[in-house]
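Please examine the sequence and the three-dimensional model shown here.

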Amino acid sequence: MNPFFLTHEELREAAKVFAEAYPDQAKKAVEVAEHAGRNEFRLPFTMAMHRWVDMGAPIDWLYNPTQDLEYTWILNRHWHMEDLGKAYLLTGREDYVHTFVRHFEEWLAQNSPPAEVSYEEATYFQRPGPWRLLETGLRVQSWIWTYRMVESSPRLSESFRERFFSALAEHADYLVRYLGSAEINHAIMHMQGLFMIGVFHAGHPRSPLWRQLASERLELCMLRQVGDEGVQSELTTHYHNGSIGMFGTPYLLALKTGFEFPEWYGRKLARMGAFTEAAIRPDGQATPIGDSDWVSHGRKPLGLLGAILGDEGLLAAGEVSEELLWHFGADVYRRMRDSQSAFSPSAESCAFEQTGYYFVKSEGQHLFFDAAGMGGAHGHADALSLEWMWNGQLIFADPGRYTYEEGEWRRYFKSTRAHNTVTVDGEDQTPYVATQRWGEPVAECETLRWIDNPSFAFLEATHDGYLRLDRPVLHRRWTLVGKEAGVLVIVDWLEGDGERTIEQRFQLHPDASVELGGSEGVASNGTASPWARIVYPSTGVLVDMHWATAGGGVRTGTGFGNDAGPGSGFVASEEDGWISRLYGEKEPNKVLSMGGSVDGTAGIACVVLPQLAADGSPIARLEELSIDAESQSASVIYSAAGRKIRISIDRNDVKWAVEE
């Protein structure tokens, strides 16, 4: 018995805990297994994820009822087989094993490994896709896990077992033939599968080669893809957290079978965990960055990693999961579950300065600021964007990813205007080419100032994405977050010559109700400043936003509605937008913007005052908002809870004072 895998008795016990601890997932596993027996699939992360698709008899493994290439690829990863194995352990019904055998045999009959295929086709976007390296590496993992779950079944004949192990060897040799670039996360999954074959099929004469090559390539992937700060190079939380499992499970497998990875590999895994922990919001979800979902359980990969590394700190911050149960068994799962206390979000800010990610945290508050690079195909045009949660309410939100299918929705969710940053002439910061391809030049960010103290955190950063325009513009953003008194101040400078249209945009949570006006709050010259009020009835959170603009033909401090030239058209407005909590799902939301036309360098200052005011009565009030383009400075005075807070920012200094 391979020491990595649970024994049959341990698997049965894990299934009992699975049914008790995760009744919905257990029910879903049986449902998937039942439909699989009828050759019907409902594939996650595809545009057909909400319906069962009849794939014919025998299954046509190349049939795709959508325009989404992910459908063919995910179908050929055979994730449904693991549900067949779980359903067998839960019920003891042999027909689930029969479906596993039948699908395996039918797939083999249709999909011999290609004799000749180009490197690019095998590595990246092969169509229709069964032998893309990514699917090859993931498919063998599905096969092996399922085989272990059903191994004791009398339905598995000796001839089937021979074909099964022969197919594993065939897959291993194919993975060895084409070594995908170590720069992308696909390569981790290629070698994760190869290492698993090398350990599981240890009696094969080429297994030492498979193990050695896979471990060396995984180490190379770790070096190439994970920076010194522990952040995976694609710069998305979804793929970062996925990479923890991809790097971590071979590490665990090696520990249990005597083929250990070097110590530095484990240390870097721990640093990956530190970034995952930093990205966890007070609601326990992971901050979505790039191609990531709103519903992203960062605590679960953190808990698994803590178990793999034996790290009590990561275990305490993480959460036990179904994956941890199947890897470690019921006894370990129960012990770890019982030792965990209630989740307590961190109140310590974290800066990943080499990468360009900043997490400002205080009691009940979480702000993420993106001053990082694009990160590749899964990045979004979101330079200098932010996400903000206050008192348990997500106020300014990332839109999510929705789909990988080429079309208007893919373009929208990746666009600059779908994020909490500034657009110039309606353009993306980096030119969009296709679903997995950005044009040149790619916007680059630079952090100029980072201040973090008990009173406030401040960040100044720029990006050069709009320097490519016919009338080049440098975007400079100041962001200040109050800790001892709740406030968010955002000042955007658009530096350049010529006329242009600019918009400072904010994506709101779908639960928000919005009121716009221009009679409350005053600018430095006594004129009305435009404002918006956002109300969340379910949480009692009320947010007041105030704007002022300067330069570019806009009269200093007034904001909008004056006769000062090209800037006279500046208005605060509300429009309809979209967010996606999960892949394949979208829902409408509201988007606030302050925008208009300018000529030359201009600035937009926004002051955001959050408060708990269930009865609708605000307890914080803006007294003064001033912005000056010539000196590039801004000042804010507001009162709240009997205190007056004075803030002033310029190119050299940031001042914060609280008067009782």
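What covers the buried residues of α13? The covering elements include α11 (237-257), α12 (263-278), α14 (312-317), α15 (322-328) and α16 (330-339). This is a predicted model, in which local features need pLDDT of at least 70 and side-chain atom pairs count only at pLDDT 80 or more, while totals for chains, interfaces and linings use all residues. Residues are numbered from 1 along each chain as its sequence is written, and side-chain values use heavy atoms, with hydrogens and water left out. Helices (H or I, at least four residues) and strands (E, at least two) are DSSP runs, numbered from the N terminus.

Helix α13 spans residues 299-309, and nine of its 11 residues are buried, so the helix is largely enclosed by the rest of the structure. Here, buried means under 20% relative accessible area, exposed means over 50%, and partly exposed lies in between (1.4 Å probe, protein chains only). The buried residues of α13 are R299, P301, L302, G303, L304, L305, G306, A307 and I308. Just after the helix, G310 takes a positive phi of about 65°.

Axes are lines fitted to C-alpha atoms, for helices over the stretch in contact, and angles run from 0 to 180 degrees between N-to-C directions. Contact itself means heavy atoms within 4.5 Å.

The sheet is open and consists of five strands in the order β3-β4-β5-β6-β7, with antiparallel pairing. Its edge strands are β3 and β7 (393-396), each of which pairs on one side only. The twist from one strand to the next averages 15°. Two strands pair if DSSP finds at least two bridges between them.

Within this sheet, strand β4 (residues 357-362) is mostly covered, with six of its six residues buried. Y357, F359 and K361 point one way from the strand, Y358, V360 and S362 point the other way, and all are buried. Strand β3 (residues 350-352) pairs with β4 in the antiparallel sense over three bridges, and A351 stands opposite Y358. The hairpin of β3 and β4 has four residues between the strands, and in it G356 takes a positive phi near 105°. Strand β5 (residues 365-370) also pairs with β4 in the antiparallel sense, over six bridges. The hairpin of β4 and β5 has two residues between the strands, and G364 in the turn has a positive phi of about 75°.

A second open sheet is formed by four strands in the order β22-β23-β24-β25, again with antiparallel pairing. At its edges stand β22 (620-628) and β25, each with a single partner strand, so one side of each is left without a neighbour in the sheet. Neighbouring strands are turned by 10° against each other on average, direction ignored. Six bridges join β24 (residues 643-649) to β25 (residues 654-659). Among the residue pairs, S648 has K655 of β25 as its bridge partner, and K644 stands opposite E659 in β25. A hairpin connects β24 to β25 through four residues.

Elsewhere, two helices pack against each other. Helix α2 (residues 23-37) and helix α5 (residues 94-110) pack at an angle of about 55°, with their axes 10 Å apart. The two helices are therefore oblique to each other; angles under 35 degrees count as roughly parallel, over 145 as roughly antiparallel, 65 to 115 as roughly perpendicular and the rest as oblique. The contact is made by V30, A33, E34, A36 and G37 of α2 and by Y96, T99, R102 and H103 of α5. These residues divide into four nonpolar, three polar and two charged, where Ala, Val, Leu, Ile, Met, Phe, Trp, Tyr, Cys and Pro count as nonpolar, Asp, Glu, Lys and Arg as charged, and the others, Gly among them, as polar.

D511 is placed in the loop between β15 (499-507) and β16 (513-517). With 42% relative accessibility, D511 counts as partly exposed. Leaving aside its neighbours within four places in sequence, D511 is in contact with V535, Y536 and P537. The C-alpha atoms of D511 and L168 are separated by 50 Å, and these residues lie 343 residues apart along the chain.
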